[in-house]
Structure formats: structure tokens, C-alpha cells
Amino acid sequence: MDLLNTLVDKGLRRELPTREEALAVLATSDDELLDVVAAAGKVRRQWFGRRVKLNYLVNLKSGLCPEDCSYCSQRLGSKAEILKYTWLKPDDASKAAAAGVAGGAKRVCLVASGRGPTDKDVDRVSETISAIKEQNEGVEVCACLGLLSDGQADRLRAAGADAYNHNLNTSEATYGDICTTHDFSDRVSTVQQAQAAGMSACSGLIAGMGESDADLVDVVFALRELDPDSVPVNFLIPFEGTPLAKEWNLTPQRALRILAMVRFVCPDVEVRLAGGREVHLRSLQPLALHLVNSIFLGDYLTSEGQAGKEDLAMIADAGFEVEGTDTTTLPEHRTDAAVQPAPEPAADAAVPAPPSEETRRDLVSVRRRGAGTELPPNA
């Protein structure tokens, strides 16, 4: 297929595809799916070999968020029956992180619900970062605390935070449809603050919220322009009790096409398979490893993932290897200097999303173990 040959050549040169090419990936048929995966896999292996980076989430503060993000089980007005608790003590958070590191995680992601941290919250997270780094040599720590105020990014960096996560989630044009308490530019600004403070930027998207193909391409092109080091790709988990509980728009095949498109647009970036993979990819998860070079180990913020040992077995069975703390994730050119994005081509018309598949609510399992509970974590 000429399209795939062109995209592989561009990916190996770190050249931005056109919007038409990105849209064409999403429009490929199921008969072409393995060809699409194989092509994107060549780009993935060029920059990351067969390594898979493991990341581990620690939910420092769960639920009761004042923001109204429609996709989130922790949102204002959510009726989802999730765990709700206030800030974990630094020692408790460090113990939770240690479970993930023992399971093979190279990066610990510290997440807290809320619009953004107070200065006291930054102090609290700084203590947690110090505790984790003292007990786990070589581990990376990423903070995800919401919108940052002036000076907070510098303080987190000084405390030892290696990275900061703040996702764009969806296109700028449709952002107001999923959230009204802040806007797209607020998210862009927070990522830029993290970059200016010297932290590695982590910013991604959520697919499956009813968006069009054009929306997906828009947000991925916006991410390419923002140039984060890692791009998490989440697939909506339709929690009961949230406005998007009935949005079951993804098939395993569509999820793979989305991951392939992200890899072609962001060829040399850490593309992370994040929340919702078990729900939407299901038995096709191993195929996704040919597209992504990073996953979350074990559970997510408010939902349970598959057993950590099953993640490790899946990686080994698919012929990949877990990346160690002695290995630099990103290609050398990304650690030396930022890659400048190519100019963005003209916009196209929206492409309708595919019809919803049969609802599988049995696949959504609310987290009842790990941080904030008396039960051992899944790692």
C-alpha cells in the first residue's frame, strides 16, 4: 500500500505526515489492519527497538474534584461508586510506589484529583517524591496534579520530579463539549510551564468520547506541535454515573488504528498505552505492543487493570522486553535537543466515527485495592 510505505519513510525521517495521510490511517479497513500494524511497527522499532517501558500509577487523592470533565469518574457531580479519600501520607504513597517498582515499573506517576495544587499540596508532593527516590534508586517520578500556578513547576522540578503529565484529551474545537470549568489553552499552558521548568512533558489524549476522525487528528497534531516526550493514549472507560457512560464507540480494530496514527504522527516519542486498554483492546492487547513502547502496569486511578504478572507475561509472549532503569527511553536526538514540528497542512472535513459496538459494562471494574485501601496493590 503506497500510503503505508510513505508513512514508514516519513516516520523513519521524523517527518510529519499530512492530515490527509493521518485521516487515511483511521479510514483503513479491517482487512488492512495487520498491514497498518506492521508498518507502524517498523517506525516503533526504529526508535525504541523491542523495549517496553512500565509505568505505575499512585492515586494520591481520589474523587471529589471540582472540575466537570465529562469523561472522569472523579468529576464534580459524579455518581460513580469509586474510592474517595484525601491525600495519602508521603510514607504510604512511597509504599504504594514501591509495589510498582518491584513489579518492574521504571516510572511512578503521582496523580491527585482537583483543579490544581495549592502551595501546601506542592510541599506534600515534594516530600512524597523525596521518599520515593530515597527508597528506589533510578526510578523516574512524574507528577500529575492538574493546572499549575506560577512557580509550582519549578518547585516540583527542584523536588526531583522528572516529568509532569497534563493531557490535552481532545481537539481544541470540541474541548468545550467535555469540560466547562477550564479550557484547552489552560492545558497547553500547564504543559509549557512544565517544559520551561526543565521537566519532561507528558501529554496525551482520550479516544472514544464520540469524537470524529478529524478531532483525533487535530489533537494528535496539536500534541506534535507541543512536542511532549511521552504521549499517553487513553481509551474512554464509560463509568456508570458519568455523562459519557453510554459512549461505547470503540472496537479493538479501531483502537489499533488510532494507536498506529499516533505513532506515525509522533514517531520518535514515547507512545504509552494507557487507561481503557483492557476494556477496548481486550485480546488484541499484544498487537498494540507493536505500536506503543510504554504501558501502565496493573491498576489505574479508579479502575482495575489486568494483573501485573499478566502484563509481564503478555510482553514476554509477544517477544518484547521490559525496559530497565539503566536504559534511556528516548532516542538520543530527543534528549539532546527538541525536534521541531513540520508546518501543519490545511484542515479537512470531519470523518464520522464508526458505529458503537455492543456495550460491555462487565469490563469496567472499579478499583477496590491498593492506594487508599487496606488491600495489597496490583503490580
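The following exercises, each with a worked solution, concern a predicted model.

**Exercise 1. Determine whether strand β3 is enclosed or open, and which way its residues point.**

Step 1. Strand β3 covers residues 140–144. Buried here requires under 20% relative accessible area.

Step 2. E140, C142 and C144 point one way from the strand, while V141 and A143 point the other way, and all of them are buried.

Step 3. Since 5 of the 5 residues are buried, β3 is largely enclosed by the rest of the structure.

**Exercise 2. Identify the strands joined to β3 by bridges, and describe the handedness of the crossovers.**

Step 1. Strand β2 (residues 107–112) runs parallel to β3 and is joined to it by 5 bridges. Within this pairing, V108 has V141 as its bridge partner.

Step 2. The unit made by β2, helix α5 (residues 119–135) and β3 is a right-handed β-α-β unit.

Step 3. Strand β4 (residues 163–165) is also parallel to β3, with 2 bridges between them. Here A143 is placed opposite Y164.

Step 4. From β3 the chain passes through helix α6 (residues 152–158) to β4, in a β-α-β crossover that is right-handed.

**Exercise 3. Describe the nonpolar cores and the surroundings of L156.**

Step 1. The largest nonpolar core contains 101 residues, and V58, L156, F235 and F264 have the most contacts inside it. Helix α10 (residues 252–265) contributes the most to this core, namely 9 residues.

Step 2. Neighbours within four places in sequence being left aside, L156 contacts V122, V125, I129, L145, L148, A161, Y164 and M199.

Step 3. Another core, of 9 residues, lies apart from the largest one; C142, C144, F296 and Y300 are among its members.

**Exercise 4. Explain why the buried residues of helix α1 line one face, and state what they pack against.**

Step 1. In α1 (residues 2–12), the buried residues are L3, L4, L7, V8, K10 and G11.

Step 2. Viewed down the axis of α1, these residues fall within an arc of 165°, so they line one face of the helix. An α-helix has 3.6 residues a turn, so residues three or four places apart point the same way.

Step 3. The buried residues of α1 pack against α2 (19–26), α3 (33–48) and α10.

Step 4. After α1 comes R14, which has a positive phi, near 60°.

Methods: Residues are numbered from 1 along each chain as its sequence is written. This is a predicted model: local features need pLDDT of at least 70, side-chain atom pairs count only at pLDDT 80 or more; totals for chains, interfaces and linings use all residues. Side-chain values use heavy atoms; hydrogens and water are left out. Buried means under 20% relative accessible area, exposed over 50%, partly exposed in between (1.4 Å probe, protein chains only). Helices (H or I, at least four residues) and strands (E, at least two) are DSSP runs, numbered from the N terminus. Two strands pair if DSSP finds at least two bridges between them. A crossover is right-handed if, with the strands pointing away from the viewer, the path from the first strand over the helix to the second runs clockwise. A nonpolar core is a set of buried Ala, Val, Leu, Ile, Met, Phe, Trp, Tyr and Cys residues joined through side-chain atoms within 4.5 Å. Contact means heavy atoms within 4.5 Å. The arc is that of the directions from the helix axis to the C-beta atoms.
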